[in-house]
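Notebook open, model loaded. I'm jotting things down as I look them up.

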Amino acid sequence: LAPVEACVKDLGIQVSGRLTFAKHCSYVSSNASRKIGLIYRAFSSRDVNFMVGMFCTYVRPLLEYNTEVWSPVYLQDIDKIESIQRTFTKRKGLFNKSYLERLEFCGLESLELRRIIIDVVLVYKIIHNLVDLSFEEFFKYAPVVGTRGNSLKLYPSFARKVVTFNYFGNRVVNCWNALPEYIVTAPSLSVFKKRLAENQNCLKCFLKGRAFRNP
């Protein structure tokens, strides 16, 4: 076995011997920062729509590749990933606006919220057999008690350690259970995504990062 300090790279994801992803968060953050620098050097245009398009095409995918596996759970890592987008939006000449205002101006969402959305979309795919992943390997349905929540509520697995609690199959349960009935019972994936986009407030309560506390 590799020592706990060692870091193994598998399918582009760096995981430590302790099954944590701090080094991967640092790696993708540095890679994204370099890509932003290349974009600014390669193009003279500073048009907001153009630069946001470049960011969404060439930078954001680096920060969201397989986040279902490595989505950061510690504040320092959440903030490190979010700082890439915070810094990018500041460079659009929006220094006097808050991060939330800059996101609204650029038509963007916080990266942390996008990761939560990516997680619940995968849950929908697993439940409806849209991916080759077994439902029983990740979840089990919670007993229906009362009318709160939705009819497809999930039951979290027992986890003794923080790292286990933050695995995809555990961390996404509360987010999924918070979704209203009309979203989880959407007849198709496209309808699910559309309804979720229209009602993101039910997921914003799960944001832990400190990106919105400061400009």
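Predicted model: local features only at pLDDT ≥ 70, side-chain atom pairs only at ≥ 80, totals over all residues.

**Entry 1**

Asn129 isn't a glycine, yet its phi is positive, at about 55°. I found Asn129 in the loop between α6 (111–127) and α7. Its relative accessible area is 65%, and the cut-off for exposed is over 50%, so Asn129 is exposed.

Asn66 is another non-glycine residue with a positive phi, near 55°. This asparagine sits in the loop between α2 (48–64) and α3 (67–70). With a relative accessible area of 29%, Asn66 is partly exposed.

**Entry 1: overall numbers**

The protein chain has 13 helices and 2 strands. It runs to 215 residues, and 40% of them count as buried. I get an accessible surface of about 12,300 Å², with 55% of it belonging to carbon and sulfur atoms. Among contacts with a separation of 6 or more, 61% come from residues 24 or more positions apart.

**Entry 2: the nonpolar cores**

Which residues have the most contacts inside the largest nonpolar core? I list Phe139, Trp176, Leu179, Phe192, Leu196 and Leu203, in a core of 27 residues. At least two residues each come from α6, α10 (173–177), α11 (181–184), α12 (189–198) and α13 (201–204). Helix α6 gives the most, with 10 residues.

I then took Trp176 and skipped its neighbours within four places in sequence. Trp176 is in contact with Val120, Val123, Tyr124, Ile127, Asn150, Leu152, Leu154, Val184 and Phe192.

A general reminder to myself: in soluble globular proteins, nonpolar side chains tend to be buried together.

**Entry 3: aromatics**

I count 10 aromatic pairs in the structure. I looked at Phe138 and Phe168: the ring centres are 5.8 Å apart and the planes are at 80°, so I log the pair as edge-to-face. Phe138 belongs to helix α7 (residues 135–138) and Phe168 to helix α9 (residues 168–171), so this pair ties together parts 30 residues apart in sequence.

Phe168 counts as buried, at 8%. Both residues belong to one aromatic cluster along with Phe135, Phe139 and Tyr141.

The charged end of Arg86 sits over the ring of Tyr99, 5.8 Å from the ring centre.

Gln85 got my attention: it counts as buried, at 0% relative accessibility. It is found in helix α4 (residues 75–90). What does Gln85 touch, not counting residues up to four places away in sequence? I get Phe55, Tyr99, Leu103, Leu108, Glu109, Ser110 and Leu111. Tyr99 is also the ring under the charged end of Arg86.

**Entry 4: salt bridges**

I find 4 salt bridges in the structure. Arg114 forms one with Glu64, the closest N and O atoms being 2.5 Å apart. Arg114 is in helix α6 and Glu64 in helix α2, so the pair ties together parts 50 residues apart in sequence. Glu64 is buried, with a relative accessible area of 14%.

Arg114 forms another salt bridge with Glu109, where the closest N and O atoms are 3.4 Å apart. Glu109 is partly exposed at 25%. Glu64, Glu109 and Arg114 make up a network of salt bridges.

Arg210 and Asp79 also form a salt bridge, with the closest N and O atoms 2.5 Å apart. This pair links distant parts of the chain, 131 residues apart: Arg210 lies in the segment after α13, Asp79 in helix α4. Arg210 is partly exposed at 33%, while Asp79 is buried at 19%.

Technical notes. Residues numbered from 1 in each chain as written. Heavy atoms only, no water. Helix = DSSP H or I, 4+ residues; strand = E, 2+ residues; numbered from the N terminus. Buried < 20%, exposed > 50% of the residue type's maximum accessible area, 1.4 Å probe, protein only. Contact = heavy atoms within 4.5 Å. Areas by Shrake-Rupley, 256 points an atom, 1.4 Å probe, with all protein chains shown as cover. Phe/Tyr/Trp six-rings, centres within 6.5 Å; stacked < 30°, edge-to-face > 60°. Lys NZ or Arg CZ within 6 Å of the ring centre and 35° of its normal. Core = buried A, V, L, I, M, F, W, Y, C linked by side-chain atoms within 4.5 Å. Salt bridge = Lys/Arg side-chain N within 4 Å of Asp/Glu carboxyl O.
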